[in-house]
Amino acid sequence: MSFDLNDEQRAFREVMHGFVDSRITPHAAHYDREQIFPQESWDACREMDLPSVWVPEAYGGSGGDMVTQAIMIEEIARGCASTSVTMLISKLAMLPIMNFASEEIKQQYLPRFATGEIQGSYCLSEADAGSDVAAMRCRAVRDGDDYVLNGSKYWITNSGVSETYTVFASTNPEARSHGISCFLVEKGWGVEFPKHEDKLGLRASPTGEVVFNDLRVPASHRIGAEGDGFKIAMHTLDRSRPTIGAQAVGIAQASIDYAGQYMKGRKAFGAPIADLQGLRFMLADMAIRTEAARALVYRACATIDEGDPQNQLTYLGAAAKSFASDTAMSVSTDAVQLLGGYGFTKEFPVERFMRDAKITQIYEGTNQVQRVVISKYLLK
C-alpha cells in the first residue's frame, strides 16, 4: 500500500498552498485578535469551491477522496486554524446526512452544503456528557408527525452561525446508548444560542451553547432509525478524526515554517541562530515528528477511501488524531521556544499556533479516550 500523493493530489496541494498564502494567512491574526467569524476567509473558500470537496458528485459536489480532503484542511490550517475548523464542522455535521439520511433529505441539503450556501454544526456533547455520550439528557419525544426536542448542547462549533444542526437526543432514556436518535434541525425553527465561550485558541471560530425548548422537528428530519444515533455518531467520528489530524499537521507545519525562517534571520553571538547546532536539531526533530504524523493521517484517510477492508479505521483514526495533535502541541511549543521572548508575544504568530494546537488534543474525543480506543483494538 502506497501513501505517496498522485499527480492530481500534488497539483491540488500546490494550488491550495498559494491560495492559503494569499487569501487566508493575511487575515488570521486579525480574526483571532478580534474573536470574530473569519467571513472573508470563508468567502474565499467558497470562491475556490472548497466546500464541494466534501460532497459526492451526485449531490453537486466534486467528491474529493479523503487524502485530498486531508491536504485541503492541512493547508488551510497552516494559514488559519479557525478557518480550517469552519470547514471541518460542516463536514462533521454533513456526514450523518450523507451516510444515513433519506434520499429526500440528501437532495434537499447536500447541494446547498456543496456551494457553501449553508453551514452545519454537530450537536453531540453536553455539559455532563462529553466523552460519555450515553449520559446525554437532551430528549426527543414523538408527537404525531413531529418530535419535540428539549435540552442543551455544549461546546458546539459554529453555534449561531450555522444554518443547520445535526442533533443527537435520547428517544428512549432507559436504553442509554441504544436509545439515542439523530435529527437534522434548522436554526430558523427556534434554536437558541444563549452563550459563547471565551477560548484559549481558535478564537475566530464561535463555540457555544445550543438550546432547544419545545422545538418541533418533523419526523422526516430524523436521520436513520430511532435508536441508531450512537452508531451514527461513532461512524461519523471515525471518518472525521483523521481530518482533525490533518488540521494538527497544518498547525505543526506552520510552526516549522515560521521558526525556520526566523532562525535564518535572527542573529546571536555574531551569526544567525540557525548556525547553532542545538537549535538546528530542535527544528529537525520538529520536522521528523510532523512528517510521521502526516504519514499516519494519510494512511487513515486512505483506509477510508479503500472502504476499510481490514476493519482498522477506528484504530487508525484514533491513532492519527492523537499522534498528530500531540505533535502539533509539542512542535508549536518548540517554535515558541526557538523564537525566545519574541515567541511569547502576539507580534509573532507562533503563540497563536500553540494556542490553536491545544484543542486538537481535546475535541472529537480527548487523546486519553483515543488511547482507550487504541488499547481495546490491540487487546481484543
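Visitor: In which helix is the place of Gln370?

Guide: In this predicted model, Gln370 lies in helix H10, which spans residues 367-378.

Visitor: Is Gln370 buried or exposed?

Guide: The general idea is that a residue counts as buried when its relative accessible area is under 20%. Gln370 has 0% relative accessibility, so it counts as buried.

Visitor: Which residues does Gln370 touch, leaving aside those up to four places away in sequence?

Guide: Gln370 touches Arg241, Ala318, Lys321, Ser322, Glu364 and Gly365.

Visitor: Which residues of helix H9 are buried?

Guide: The buried residues are Val350, Glu351, Arg352, Phe353, Arg355, Asp356, Ala357 and Thr360. They pack against several helices, including H1 (7-34), H6 (229-265), H8 (313-339) and H10. Helices H3 and H4 are also among the packing partners of H9.

Visitor: Which residues make the contact of H3 with H4?

Guide: From H3, the contact is made by Met66, Gln69, Met72, Ile73, Ile76, Ala77 and Gly79. H4 contributes Ala81, Thr83, Ser84, Met87, Leu88 and Lys91.

Visitor: Why may several residues of a helix point the same way?

Guide: An α-helix has 3.6 residues a turn, so residues three or four places apart point the same way.

Visitor: Which residues of H3 meet helix H7?

Guide: The axes of H3 and H7 (residues 277-305) come within 8 Å and cross at roughly 140°. Met66, Val67, Ala70, Ile71 and Glu74 of H3 meet Arg294, Val297, Tyr298, Cys301, Ala302, Ile304 and Asp305 of H7. The residues of this contact comprise 9 nonpolar, no polar and 3 charged.

Visitor: Turning to the strands, with which strand does S4 pair in the antiparallel sense?

Guide: A pairing of strands is read from its bridges and from its sense. Strand S4 (residues 164-170) pairs with S5 in the antiparallel sense over 7 bridges. Within this pairing, Val167 has Phe183 of S5 as its bridge partner. S5 also pairs with S7 (residues 222-223), in the antiparallel sense and over 2 bridges. There, the bridge partner of Phe183 is Arg222. S5 itself, residues 180-186, is mostly covered, with 6 of its 7 residues buried.

Visitor: How many bridges join S1 to S4?

Guide: S1 and S4 are joined by 4 bridges and run parallel. Ser121 has Tyr165 of S4 as its bridge partner. Both faces of S1 (residues 120-123) are covered: Gly120 and Tyr122 are buried on one side, and Ser121 and Cys123 on the other.

Visitor: How many helices and strands does the protein chain have?

Guide: The chain has 10 helices and 9 strands. Its radius of gyration is 21 Å, close to the 21 Å that the globule rule gives for 380 residues, so the chain is as compact as a globular protein of that length. Of its 380 residues, 53% count as buried. Among contacts between residues at least 6 apart in sequence, 73% join residues at least 24 apart.

Definitions and conventions
Residues numbered from 1 in each chain as written. Predicted model: local features only at pLDDT ≥ 70, side-chain atom pairs only at ≥ 80, totals over all residues. Heavy atoms only, no water. Buried < 20%, exposed > 50% of the residue type's maximum accessible area, 1.4 Å probe, protein only. Contact = heavy atoms within 4.5 Å. Pairing = 2+ DSSP bridges. Rg over C-alpha atoms; globule rule 2.2 N^0.38 Å. Axes fitted to C-alpha atoms, helices over the stretch in contact; angles between N-to-C directions. Nonpolar A, V, L, I, M, F, W, Y, C, P; charged D, E, K, R; others polar.
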